[in-house]
Amino acid sequence: MTAHLTITQAGPALSLQDQGRAGYRAQGLTVGGAADRTALFEGAALLGQPATHAVIEMAGSGGSFTSDTDIRIALTGAEMAAKIDGEPLVWGASHRLPAGAKLTIGGARNGSYGYLHVGGGFATPLVMGSRGSHLAGGIGTVLHSGDALPVGPDAAQDVAMTLPKPDRFGGGKIRLVESMQTASFDAETIERFTATSFRRDARANRMGVRMDHDGAGFATGAQLSIVSEVVVPGDIQISGDGAPYVLMYECQTTGGYPRIGSVLPCDLPRVAQAQTGVALTFEFVGMEEAVNLQTRYLAALKSLPSQVTPLVRDPASIRDLLSYQMISGVISAAADPFEQES
Amino acid sequence: MSDWPKIRTVGLSGVLVTFAGEMSEPANRAALAFRAAVDGADWPEVSETSTSLVSTFLEVDLASTSPQDVTERLEELLKSRDWFAAALPAGRTLWQVPTLYGTELAPQLEEAAEVAGVDPDQAIAEISASRVRVLTIGFAPGQPYMGELSDTWNIPRQQGLTKSVPSGALVIAIRQLIVFTNAAPTGWRHIGQTAFRTFRPDAEMPFTLAPGDELTFPAISRAEYEAILAKDTSGLGGATREVLT
């Protein structure tokens, strides 16, 4: 029998997400997928399964859920108050959700996007190679109260596992590289841009995050005459009112607004997770440093399964932590974490 | 020495080859032909390619592939022929899309005509007789940017944004037409309404159009439009197609 997770009460912005559907940019569709890619890998490590499984993304707040069979869950991303039948759950950990028990997840306390993962992943039909809703592109919808999502077969059993607490919810310094239109901004504008402290605006969604600041807007001399060019997630677009938007995975594929630079993929989860009002600054790095930072990030994602520890034990008290076999080898440490399953 | 074509990196996401600083037919054909050649070369580090109006984008993970290597290969390919003289892609389609001009379903026909300096009937006669080409697909899934119309239609975008035009809306600005994929805000003027769906995610071929396809938008009456809505289940809105050779 296929297990189902039923959403008994849906928060306003729940959607099914995975690593998105690549390969359709030429047809006008960007990759889409989870706003915080790192969370996909954390949930996968906690449950001992591939990071390609679909998960529920919860923007701002969660909802309540019940399963018709015993399943495993993991909670990652922005910390939210979570309970099973009134018993508080540790965030950033895996748990058993018994059949019929009520899982409730509240509002985000320290970030924007929380994630609910299930053992085996959600087994909804693939649409063009992905289960993710691309809300801007018109694929799928937000999830509603009463939706019953099929859960795939779960190959592992471990629960009550956790990871070191992630630190990507407080904004801070976001690194970017020069991109194709950076040179159309003059040096003074670039300097002022990198010296400015921005605040994450309330205007933010899966397409982009607006940055608010004091003082004059930013512009290029060629602002209105730039021919439309390709847009990629991470691009910082300067819109007509002079405010920067960091474009996210559900952005458009082309655009005529100039882009001052492009956020490194490894820093994009911190942009996605910054709460409204949180301070962010932008710093240009050279290509070589960008490559090093991104390579280090990918290596860290690969090593996540080796950092999973039992929830009840304080990892600081274990002397030779690395000698422990914490989980069975569902994920190879040598595998490419971005490789899609077919 | 011309500044074009230009090769530039796009963040860590890839490399862009731009053929001109503004829209032109030869630069658009160059971008389409160059993309076809890159696809044909089948370089393993290129995960996908796309074109916008006058450029070709190669998605390459620049964290694992050196931009210099890609650039050198692209320079070789650029030198191999005159891309501005390239032919249009093979296997193109001509679409005739029935269009209701004006009425409350497309309320900016009169305004667009006035800006262009023609009367509304003349506007309908001209646009419905124009044959345009898909210059690029972008912004939304399957959404075509089509051109170029005669210089009469070199009208600017409006100052403000229209809050939302519906799916299937035919809009006009800067000698180009767009059929909207999804309801969206726009600065272009809404002159016609079609039942033509450019993106059908559940269909076997989800994207109706490809760059290089050509379209006409013959005028139909309100009654004919309603009849199409009532009987069409394909999502093509009564459009007919033929293969262009």
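So, start with the side chains of A:R25 and B:E59, which meet in a salt bridge at 2.7 Å, N to O. By salt bridge I mean a side-chain nitrogen of Lys or Arg within 4 Å of a carboxyl oxygen of Asp or Glu. Across the interface of chain A and chain B, that rule finds 2 of them.

Quick housekeeping: this is a predicted model, where local features need pLDDT of at least 70 and side-chain atom pairs count only at 80 or more, while totals for chains, interfaces and linings use all residues. Residues are numbered from 1 along each chain as written, chains are lettered from A and ligands numbered from 1 in written order, and side-chain values use heavy atoms, no hydrogens or water.

Back to the interface. The contact (heavy atoms within 4.5 Å) takes 34 residues from chain A and 36 from chain B. About 2700 Å² gets buried between the two chains, with carbon and sulfur atoms giving 63%; that's accessible area, 1.4 Å probe, lost on putting the two parts together, summed over both.

Now, rings. There are 12 aromatic pairs over all chains, meaning Phe, Tyr or Trp (six-membered ring) centres within 6.5 Å; planes under 30 degrees apart are stacked, over 60 edge-to-face, the rest tilted. B:F199 and B:F207 are stacked, 5.1 Å centre to centre with 20° between the planes. In chain A, ring pairs link A:F193, A:F198, A:F218 and A:F282 into a cluster.

And A:R192 lies over the face of A:F218, 4.3 Å from the ring centre. The rule there is NZ of Lys or CZ of Arg within 6 Å of the centre and within 35 degrees of the ring normal.
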